[in-house]
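I opened a new page to record what I looked up, one entry at a time.

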Amino acid sequence: MISNRFIASLFLLLLIKMISACSQEQPTSQGFAGLGAEAEGFAQVMPNPTITYPDALNMHPDYRIEWWYVTANLESDSGKRFGVQWTLFRQANSPAPQREGWANQQLWLGHVGITHADQHLFAERYARGGIGQAGIMMPQFHAWIDDWSLKALDEEAQFLAVSAADEGFHYQLSLSKTGPYILQGDQGFSVKSDQGQASYYMSLPFLDAEGSITLGDETFSVTGQAWIDREWSSQPLAEDQQGWDWFSLHLDNGDKLMLFRLRHAHENHYFSGTYISANGNAYPLRPEQIQMRPLTEHKVAGRQVPVEWHLTLDDHQLDVTTRPLNPNSWMATGIAYWEGPITFSGTHSGRGYLEMTGY
Amino acid sequence: MLFQRSSVWVLHALLSHWWKHPVQLSTLMVGLVAATALWSGVQALNQQARMSYDQAAQRFNSLNQAQLTGINQQPIAQQDYVQLRRLGWPVTPLVEGQLTTDLSPQYSFTLVGIEPMTLLNTESAQAPATGLPTNLSLNQFLTPPWEVWLSARTKEAVLQAFEGVDTGFPLNPLGERPNLRVSNALADYEMMTDIYLAQYWLEMDQQHSRLLLLQDTFAQPLPNELSSRLRVIIPQSDHDISRLTESFHLNLTALSLLAYLVGLLMVYSAMHLAMNQRRSLYRVITACGIDQRHLMACVLTELLLLSALIALPGLLLGYWIASWLLPDLSTSLAGLYGAQVDANLSLTSRWWFQGLMMAWAGTLLASLLPLLRLLNNKPNNRPDANIIHFSGSVGSRLMTLALISATAALAVAYTGQSLLSGFLLLGLIFTTAALLLPLLVDKVLALGQALFSSALGQWLWADARLQISHLAIALIALLLALSTSIGVGGMVEGFRHTFVGWLDQRLAAEVYVRADSQQQADELYAWLDQHEQVKAILPSARADRVLHQTPIELRGIQVHATYVDHWPLLSRMDDAWSQIEDQGAVMINEQLARQLALNLGDSIPLSTDTSFSVVAIYSDYGNPKGQVMMSIETLYQHWPHAEQGSFALRVDPDQLDSLKDQLNEHFSLGDNQVLDQLAVKDFSIRLFERTFAATRALNLLVLGVASIALLSSLLTLSSLRLTQMAPVWASGVSRQQLMFFELMRLLFIALITAMLAIPLGLLISYCLVTVINVRAFGWALPWQIFPQQWFNLTLSALISALLAAIIPLLKLRFSSPGKLLKGFRDDQ
């Protein structure tokens, strides 16, 4: 999930909405959710990083924002299909040094979603750092906000557990890592615009998932595949970038694919992605290798959102059309966006997740 | 086109009537000003109070807010808050307290620290509004130097407080001045800031005052380890503050409605007369080619214009009345219900608009009958055409209406349960009385007439009967005002007697001492035990419970003669005290008994495993909460964590002062830790007085308005009277004799009205204590009667009549024989 997931933006959005939305003098041109805002005083993202796992799961408080993003494509015993999302965002409202207790400048935001063909449920949580209501623990990784949790079951984080609950639903899944972690972009340095904005970006695309989902009175045992994204930065978007369309795909042949398009205000969108073979080799994609074309638009929450896409990677002989499990997968959270499970067919078939922000 | 150029002339002609009849104009003005002022004044009070309640609710002080508090008012540890959040509880912390500045003048601030991330970002409909602006910058709120939200006046006080302070409030922990941001939504001396700064200033590191539960459908039980420290309070709508205070406001509204009606009676009598006297004018106008519809439109325009002009001073007077009563009102609401009302009156445009609408509605209502008559255009040439003979068909019609009204009152009395039906009952009683009054006065006068056979005597009584039709409206106003005075006065006076007696019983011990900690309590006990002048030391303890989702208070006392002999019990079992002492029985206050419909012998399930038998019910005036009393041993046995309460000390009154001095010397106790009986009584009685100050003031105003109504009726009448008296004068009765007869007749009629007002007032007072009070406050009062009050009111009715008669009498005294002759001639 990505990267760019707009989450970050969410977070920022959050900030923007809550914090600055209010003060009208705030500049308006900060990209989606304020992710294009200046990052003075925060650590900067530089090329050639050294990113290892599971250290990458730790928090990076010197950077302004980061997120832990889990998506899973699941199926119950009876064949009912589900998508599950679990996300934790962190945002610092001022750079180091870190202040203690309630004065701590770290703000946390959690989002969860459950989607099936007929229903899309979501919830959000807010918390401040410094008191233990939300945060990250290491060396045995644990991320939480309130009662929502993503934690490693061993120090190497080969096995993880994720859970969340809100009015009317809850879920818990255990995740087993079946392949290597993947550094996106150049060794984890993921460029987001021609002006050089970038983030550090690592993914765990090889995760088997199993667990249970409860909706109302009904509980489903589910299995499937999951994907975790870790990303941190201080200014991941260019100022004129309005949103993004991001895909994580589990191909039926075992390969994985991550693609995104960052939309600029005036065309010349920025494309990026990584093709990952089933044995764990990552092939970064150059912008010119990627073709992403929106097909059908669907009206949701009063906006037109392209829920079907045509994706083409000539160099990898991939030409697929994606369709949503539920076109109404709208996260009407503080910062609203579309995020839901998809299926695709064409030269390849499989399942995945799509996130679209800024619509 | 309905409104034409000629309309201006028609309006001019219509309005000129009022300049020619200043008495009618003044009657109209006084009536309408009084109606508008009293109604809108009370509405201003109600509106101000409701605005304050809303603010309080926004500031999370509403009893209607689901919340978690520490057992025994202990602060809640930050860890417990985090633990609850991590268990999924939708709670947000608050830090609250008082801050004072050291400088002179000294200011005291109420500080509320909030956590905006959890408070402002909840989807739940239960999320309370904070009173913070929608354009709050979260970034600035949470980042040094932080922000403090306050009113403009508070800002000035804080700016002063900055001077000469090096550390601590109002500087932030970094020694900087926080940004002061003004919000009109905050009351004076109230401040809102981030929880971090609030903890620092109030020295509540890692502690919270309480946690708001943002979703009151959240039904999980508290985990065991937390349930020993925290309790959950889920509100029951019956007990929210606005409902409690609503009764209080309903009382005021009812009284103001009565004043409004009395004012309208005056408007009616002025309108009635004016419409009649203008009939010839209407004929002239229609003769000039103005059709009926056009004329009607002009009359309506005239009424609306006139009443709008008069309503303005009425509203200003209403504003003044409200500002005059507001301090008493806010004190009594704070004392009775803990509701905070801002003592600065601020009014909305809606209030002005509503006031104007009420003035218009009142004028139209009062003019309805005269206007209808005008439409029917009944010929009415005789000056006495509007004299009603109550012995005829009008009388039987009134009697029928009165019977219907009385039957309805009986039906409401038997079936009604709500406070509103209580007021409906009062309204019906008043209506019945108003309908019957002219008939009864007429009957009494007819009786008088039968007793006199002389021509002059016959004329005197017959003439008095004729006057009733002119004075009926004013007399009804007087009757309503007098009986309300007797009713309300009796209720208040009865309450005062009961209350003072109750205080004497309840505060039987001479001194009450409260310890700050268990250790201090132990030391105090040991110290007091050694003092001979202390005849008894009676410890107490308290705990809080939620029963049927209602917070109630448990009190443990040491059973002792002080209580057994004095405690004010409404009903009890014979061996109540011994059952309380030995068998773990309890007594409950009247409020709780009514709320839960409990009687002697019932049991009350205060804990999951034990029920307690109710052996007595006691009166507990002024307490909005349910309360259960038991022996202190029983309390500690079931609630080992109960909080140590105050010690009641029996001391020889002569040695009271020396004991207090010694106590202060040894323990340096604060002012609020040692209370003597007299101080508590004094405070309670002052609170009581202020509670009814507004009621009494309104009552007096209504009486004043009724006197003015009588005066204006007599003034109007005096011009008619001249023609009626002229023949009598011509027959040889001197003016002095005539004046004497006039005065006696009027005083007699006022006396009859006052005599009728007494039984009516008693009935009203009975309804107030046994119906209205029970439904409004939850307690009943004994019905007491105060003949002294009746005497005073009768006297005031006679004085009103006397004063009202002076001008007409002087008019008669100084009428020249020529004028009287002219009157005699006109009458022919």
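**Entry 1. Overall look at chain B**

I noted at the start that this is a predicted model. I looked up the secondary structure of chain B and found 25 helices and 22 strands. Chain B has 828 residues, and 42% of them are buried. I then checked the contacts in chain B with a separation of 6 or more: 83% of them are between residues 24 or more positions apart.

**Entry 2. Helix H13 and its partner**

I turned to helix H13 of chain B, residues 393-415. H13(B) has 23 residues and reaches 33 Å from its first C-alpha to its last, close to the 33 Å expected at 1.5 Å a residue. Which residues of H13(B) are buried? I listed B:Leu398, B:Ser405 and B:Ala409. The cover over these buried residues includes helix H14 (419-451) of chain B.

I looked at the pair next. Two packed helices are described by the angle between their axes and the distance between the axes. For H13(B) and H14(B), I read an angle of about 160° and axes 8 Å apart. Angles over 145 degrees count as roughly antiparallel, so H13(B) is roughly antiparallel to H14(B). The crossing of H13(B) past H14(B) is left-handed.

I wrote down part of the contact list. On the H13(B) side it includes B:Leu398, B:Ser405 and B:Ala409, the three that I had listed as buried. On the H14(B) side it includes B:Leu424, B:Leu428, B:Thr432 and B:Leu435.

**Entry 3. Helix H15 against helix H24**

I looked up a second pair, H15(B) and helix H24 (residues 787-813) of chain B. They pack at an angle of about 155°, with axes 10 Å apart. H15(B) and H24(B) are therefore roughly antiparallel to each other. H15(B) passes H24(B) in a right-handed crossing, whereas the crossing of H13(B) and H14(B) is left-handed.

From H15(B), the residues that meet H24(B) are B:Leu478, B:Leu482, B:Ser485, B:Ile486, B:Gly489, B:Gly490 and B:Glu493. From H24(B), I noted B:Gln789, B:Trp790, B:Leu793 and B:Ala797. The residues of this contact divide into six nonpolar, four polar and one charged.

I stayed with H15 of chain B, residues 455-506, and picked B:Thr484 in it. Is B:Thr484 buried or exposed? I found B:Thr484 to be buried, because 28 other C-beta atoms lie within 10 Å and the cut-off for buried is 20 or more. Not counting residues up to four places away in sequence, B:Thr484 touches B:Leu258, B:Asn699, B:Val702 and B:Ile764. I also checked B:Leu700: it is 216 residues from B:Thr484 along the chain, and their C-alpha atoms are separated by 9.8 Å.

B:Ser765 is in helix H23 (residues 735-777) of chain B. B:Ser765 is buried too, with 27 other C-beta atoms within 10 Å. Leaving aside neighbours within four places, I listed its contacts as B:Ile486, B:Gly487, B:Gly490, B:Met491 and B:Trp783. B:Ile486 and B:Gly490 were already in my notes, as residues of H15(B) that meet H24(B). From B:Ser765 to B:Trp783 is 18 residues in sequence and 7.7 Å in space, C-alpha to C-alpha.

**Entry 4. A buried loop residue**

I looked at B:Leu214, in the loop between strand S9 (210-213) and helix H8 (224-227) of chain B. B:Leu214 is buried, with 23 other C-beta atoms within 10 Å. Its C-alpha atom is 7.1 Å from that of B:Ala66, 148 residues away along the chain.

**Entry 5. Backbone details**

Most residues other than glycine have a negative phi, and most peptide bonds are trans. I looked for exceptions.

- A cis peptide bond joins B:Pro144 and B:Pro145, with omega about 0°; B:Pro145 is in the loop between helix H5 (138-142) and strand S5 (147-150) of chain B.
- The bond from B:Phe169 to B:Pro170 is also cis, with omega near 5°.
- A:Asp146 has a positive phi near 50° and counts as buried, with 25 C-beta neighbours inside 10 Å.
- B:Gln206 has a positive phi of about 65° and counts as partly exposed, with 14 C-beta neighbours inside 10 Å.

Notes:
Residues are numbered from 1 along each chain as its sequence is written. Chains are lettered from A and ligands numbered from 1 in the order in which they are written. This is a predicted model: local features need pLDDT of at least 70, side-chain atom pairs count only at pLDDT 80 or more; totals for chains, interfaces and linings use all residues. Helices (H or I, at least four residues) and strands (E, at least two) are DSSP runs, numbered from the N terminus. A residue is buried if 20 or more other C-beta atoms lie within 10 Å of its own, exposed if 12 or fewer, and partly exposed in between; C-beta atoms are placed from the backbone. Two residues are in contact if their C-beta atoms, placed from the backbone, lie within 7 Å. The expected span of a helix is 1.5 Å times one less than its number of residues. Axes are lines fitted to C-alpha atoms, for helices over the stretch in contact, and angles run from 0 to 180 degrees between N-to-C directions. Angles under 35 degrees count as roughly parallel, over 145 as roughly antiparallel, 65 to 115 as roughly perpendicular and the rest as oblique. A crossing is left-handed if the near helix is turned anticlockwise from the far one by less than a right angle, and right-handed if clockwise. Ala, Val, Leu, Ile, Met, Phe, Trp, Tyr, Cys and Pro count as nonpolar, Asp, Glu, Lys and Arg as charged, and the others, Gly among them, as polar.
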